[in-house]
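Subject: Structure handover

Hello,

Here is the structure for you to look at. My notes follow below it.

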Amino acid sequence: MTHADARPAVELSTSTAHILATAFTGLAEARSEVDLLNAVLVYLRPLGPFAADLLLTTVFAGNVPTHARIVAHWSESEPVEACPRDIDIDLGSHLSISQLWYDQSTPVLLEDIAADPRCDDAYRRHMVAIGVAAQAMLPLHSEAVGRVIGVVVLHFRAPRQFTSEERYVLKTLSCGLASFLASRRLLAEREESLRQAERQRQMLQAVLENLPVGVYLAEAGTHKPLLANRIGVETLGKSRVEPDGKVYYEAYTTYRQGTTEPLPFTELPLYQTLATGEPRTGVVDVVSTEGRGIVTLELSAAPVRDDGGAMFAAVVVYLDVTERNRIDAERTQIRDELIRTQAQALAERSTPLIPLGDDLVAMPLVGALDGPRADQIIEVLLAGCAARKARWAILDVTGVPHADTAVAGALLRAAAAVRLLGVEPILTGIRPDVARTLVGLDVDLRGVVTLSTLQEGIQYAARTQGRSR
């Protein structure tokens with residue numbers, strides 16, 4: 001393109017060029033819609049309008065604006081002022097004339113509204129009512145946005161003819177104003193996006209810092225730390241997650257849970273997730289600093305992917321379960337001890353030793369007899385006989401529901417055991433069915449006094465005691 005080709009189609013006067021330069025300087029320095037309108041009024045005001053409005057399109061149907069909002073207004077009797085931002089104008093109703101500018105990139109000039117065929121009767125009546133005879137509409141078409149983002153409307157009290165220079169300058173100003181307005185809008189949107197991003201970051205940080213679990217994020221490929229929350233760092237007793245630039249598997253010594261066997265870092269859930277892209281869980285023991293010793297961590301790792309599905313990081317959430325495991329172990333120990341104590345108490349209640357005189361004890365047996373209970377019977381019987389220096393011990397089997405080899409063996413062992421202490425065993429309460437069973441088992445009860453009832457056993461011991469005196 002030659003220098004001649006770059007010149008405007010209309011030669012501008014020196015004063016017009018100077019005013020246009022001043023207007024663009026004002027546009028570049030504008031900080032609000034009011035400043036933008038003030039900047040272009042440097043040229044527009046001398047054209048003779050009695051009022052000017054800057055409208056921004058707000059609602060679109062497809063790419064066609066359906067509503068607009070007056071954001072700045074000027075009149076010959078007042079300076080430019082901002083307008084309320086909560087009132088939208090329906091462009092499809094009383095401002096149907098907007099159809100002339102919503103898809104244009106050049107000014108729409110209504111030099112004589114009364115005679116312009118583009119204006120319908122309703123619009124003419126409305127303009128007459130408010131004292132407008134001519135209008136200039138400068139559509140603000142943004143190439144960056146790809147549509148009209150607003151319009152500047154100039155109102156004249158009398159019909160007005162525009163020269164070719166004025167038409168050229170009006171088009172130049174509308175393009176410049178649209179460009180600066182779009183830049184401001186894009187800048188405002190970006191600033192709002194940054195504010196939203198910062199708020200989201202702060203919210204995320206607040207959530208992370210107040211979670212009751214540790215959170216750690218590592219970069220895919222390098223395993224370098226991207227994020228760690230406070231409790232995650234404190235759980236491991238450090239001021240930072242990896243000192244001296246080390247990654248997590250270099251900075252900590254890990255063991256298989258409950259052992260002193262080192263755990264290869266390739267088996268850590270976070271490492272496996274970064275290697276496979278799949279979630280992993282596990283429990284490990286970690287050597288902590290700050291005197292905490294070994295801590296047990298429950299870990300759950302998951303991949304972090306971008307919109308395209310590519311994994312760019314992995315997050316591991318971990319919970320210190322050291323104290324919980326200790327409490328669980330104590331509870332288990334207490335429960336086991338309670339069960340043992342209850343079993344012992346139950347056994348003692350099921351094998352009571354009753355003193356019936358200075359040298360006579362009785363043990364009523366109730367329920368089934370097995371090996372462990374037989375041992376318990378013998379233990380209680382021997383201890384009781386020795387403690388009371390008994391001469392007779394009655395074993396009453398009235399409450400034993402049936403007899404088998406185990407029952408017979410238990411009775412014979414109990415009788416033999418007390419006989420070694422010099423105590424005479426007396427067996428009472430053998431029912432007929434139990435007796436038949438014992439005979440069928442060929443149990444030899446010779447040497448053991450057998451009587452029908454406990455009462456007879458007591459009487460037998462008393463008679464024997466009398467004869468021995």
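Which residues line the second largest pocket? They are Glu33, Leu56, Thr57, Thr58, Arg69, Val71, Arg85, Leu181, Arg184, Arg185, Ala188 and Glu189. (A pocket, on a 1 Å grid over the protein atoms alone, is an open set of points where a 1.4 Å probe fits, with protein on both sides within 12 Å along at least five of seven lines; lining residues have an atom within 4 Å of a point.)

This is a predicted model: local features need pLDDT of at least 70, side-chain atom pairs count only at pLDDT 80 or more, and totals for chains, interfaces and linings use all residues. Residues are numbered from 1 along each chain as its sequence is written, and side-chain values use heavy atoms, without hydrogens or water.

Back to the pocket. The lining has four nonpolar, two polar and six charged residues. Helix H5 (164-210) gives the most, with five residues. (Helices are DSSP runs of at least four residues, numbered from the N terminus.)

Arg201 pairs with Glu198, with the closest N and O atoms 2.8 Å apart. The two are about one helical turn apart, because they sit three residues apart in H5. Arg201 is partly exposed, at 43% relative accessible area. (Partly exposed lies between buried, under 20%, and exposed, over 50%, with a 1.4 Å probe and protein chains only.)

Arg199 and Glu192 form another salt bridge, at 3.1 Å, N to O. Glu192, Arg195 and Arg199 are linked in a network. The whole structure has 16 salt bridges.

Best wishes

Definitions and conventions. Ala, Val, Leu, Ile, Met, Phe, Trp, Tyr, Cys and Pro count as nonpolar, Asp, Glu, Lys and Arg as charged, and the others, Gly among them, as polar. A salt bridge is a side-chain nitrogen of Lys or Arg within 4 Å of a carboxyl oxygen of Asp or Glu.
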